[in-house]
Amino acid sequence: MSFPVIKGAGYILAHTPDMVIHNGTTQTSERVINPNSEYLKELPKHLRSFEEVVSYPPNQTYIGSITPQELGQFEQPWYDKKVEGANRFGKLGEIMPQDEFIGLMQICDAFDLVKLEKSFAADVKEKLTKHPLMKEELVAKIKEGETIEDIKKLIDEHHAEAIYNNNELVGCVKRAHEIDVNLNAHVLFENLVVKASGVLAMLNLLDKNGIDPNSIEYVVECSEEACGDMNQRGGGNFAKAIAEMAGCNNATGSDTRGFCAAPTHALIEAAALVQAGVYKNVVLVAGGASAKLGMNGKDHVKKGLPILEDAVAGFAVLVSENDGVNPILRTDLVGRHTVGTGSSPQAVITSLITTPLDKGNLKITDIDKYSVEMQNPDITKPAGAGDVPAANYKMIAALGVKRGELERADVATFGDKYGLPGWAPTQGHIPSGVPYVGFAIDDLTKGDVNRAMIVGKGSLFLGRMTNLFDGVSIVLERNSGKVDDGKGVSEEEVKKLVAEAMREFASHLLGN
């Protein structure tokens with residue numbers, strides 16, 4: 001069996017402080033329930049500058065400029081620490097400022113829904129002209145712009161969604177239908193954020209790994225948003241829309257949804273498609289969620305912290321045929337939380353961790369690195385959720401003790417040896433296992449890691465359709481260098497083998 005490989009990855013952040021105030025659901029809900037709240041008054045004082053966001057250690061880790069191990073050398077909390085000499089462009093991706101991202105939203109708008117004020121449009125067009133990944137045909141999609149009066153009229157009289165930069169009105173997103181709630185301006189704003197961040201992630205994947213866009217045959221989009229109209233609310237297709245903007249002319253694709261676990265579902269699906277020979281190169285990509293900006297903002301402001309959920313995130317990963325070099329995806333070692341698994345922590349960890357390991361006669365300690373929910377503890381601890389990755393590692397270690405593969409004393413240090421610190425923003429699907437994939441490529445080729453496990457978990461009950469939990473996992477492994485040509489055994493070889501077997505059998509009969 002020739003397993004597929006992970007050939008490249010790209011990770012992006014878009015710093016969007018004004019979207020925290022105007023588009024994050026914690027803030028928009030508060031504005032409805034308690035418009036004069038102290039939280040809303042205090043919030044602007046807690047927003048970070050672009051320079052602070054770029055130098056923030058977890059963000060530099062997310063774009064590959066420092067490794068998880070180097071992040072672990074910074075004493076927690078990290079919000080008051082910075083990486084000296086930090087750059088917006090990293091080994092695995094980039095951090096884009098808000099004004100450029102707004103310009104990218106218009107570039108990604110295929111229906112003339114995004115309107116930008118004239119001077120803002122001119123400024124952002126000039127900036128994006130200098131961006132290394134923004135080709136001339138993309139930048140040309142930024143229009144001349146509108147007067148601020150016309151933009152205000154669209155907002156006041158036609159229910160357009162306002163766009164702000166530096167607390168100033170600079171544009172809007174129009175609604176696409178007068179009565180369809182799925183095509184109202186707020187939903188379209190969110191969808192364009194997903195698309196733009198997904199496109200930026202895809203462009204970074206292609207550029208950082210020297211990939212020909214025309215070599216991509218299929219795209220799986222796995223964010224947490226859904227697009228459609230009143231007749232097919234979540235019909236999609238973000239995947240093909242992103243592929244189009246990224247110049248992947250030979251690609252088709254579809255969207256996969258599974259709440260936070262979707263990226264790992266998509267990774268397994270991509271691996272299966274490649275291994276089956278349906279497609280040679282499959283990309284899984286996800287944009288970010290503007291609704292989750294400032295999600296834990298109340299707790300952060302209450303404790304005097306900066307708003308750390310101030311960036312939309314995205315990622316893209318390429319899965320290809322075995323090249324004898326890159327890490328293989330062990331499609332025979334897949335964990336899954338089934339309908340009948342149950343929701344106890346032990347049942348969940350067993351189904352996702354030890355069940356797939358048992359298939360390969362492996363112990364918990366045979367996996368060198370576990371990438372679970374890579375939530376940034378700077379964000380989750382003040383909100384009362386603790387250190388999520390650390391909690392997962394303790395559960396895995398406890399199961400190892402029960403199986404006799406670890407000593408009880410090992411539980412405290414298991415995370416240090418086999419785990420990773422959390423560095424991903426709380427965008428739901430973004431932390432779910434995949435932030436490590438970019439580092440895993442190096443660790444499993446040039447480093448000393450031989451096996452890693454990517455674990456995705458999800459909360460299906462959020463959709464009010466079931467109380468079930470969800471989760472899947474897959475093992476990554478160092479490539480042996482042996483590549484199966486996939487030709488199998490020819491008809492002539494089969495005849496030869498049968499003939500030899502018959503001769504041996506006849507000889508055996510004659511001998512008796």
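Predicted model: local features only at pLDDT ≥ 70, side-chain atom pairs only at ≥ 80, totals over all residues.
Biologist: What end-to-end distance should helix α17 span, and what does the model give?

Modeller: At 1.5 Å a residue, the 15 residues of α17, numbered 388-402, should span 21 Å. The end C-alpha atoms lie 22 Å apart, which agrees.

Biologist: Which residues of α17 are buried, and against which elements do they pack?

Modeller: An α-helix has 3.6 residues a turn, so residues three or four places apart point the same way. In α17 the buried residues include Val388, Asn392, Ile396 and Leu399. The buried residues of this helix pack against α15, β11, α16, α18 and β12.

Biologist: How many residues form the largest nonpolar core, and which have the most contacts inside it?

Modeller: In soluble globular proteins, nonpolar side chains tend to be buried together. Here the largest such core has 78 residues, and Phe315, Ile353 and Tyr370 have the most contacts inside it. Helix α13 gives the most to this core, with seven residues. Ile353 touches Tyr370, Met453 and Val455, among others, as well as Ile396, one of the buried residues of α17.

Biologist: Is Ser473 buried or exposed, and what does its side chain reach?

Modeller: Ser473, in strand β13, has a relative accessible area of 0% and is therefore buried. Its side chain reaches the backbone oxygen of Leu352 at 2.5 Å. Residues that Ser473 touches include Thr264, Ile268, Met453 and Val455.

Definitions and conventions: Residues numbered from 1 in each chain as written. Heavy atoms only, no water. Helix = DSSP H or I, 4+ residues; strand = E, 2+ residues; numbered from the N terminus. Expected span 1.5 Å × (residues − 1). Buried < 20%, exposed > 50% of the residue type's maximum accessible area, 1.4 Å probe, protein only. Contact = heavy atoms within 4.5 Å. Core = buried A, V, L, I, M, F, W, Y, C linked by side-chain atoms within 4.5 Å. Polar contact = N/O pair within 3.5 Å; in protein donor to acceptor, adjacent residues only side chain to side chain.
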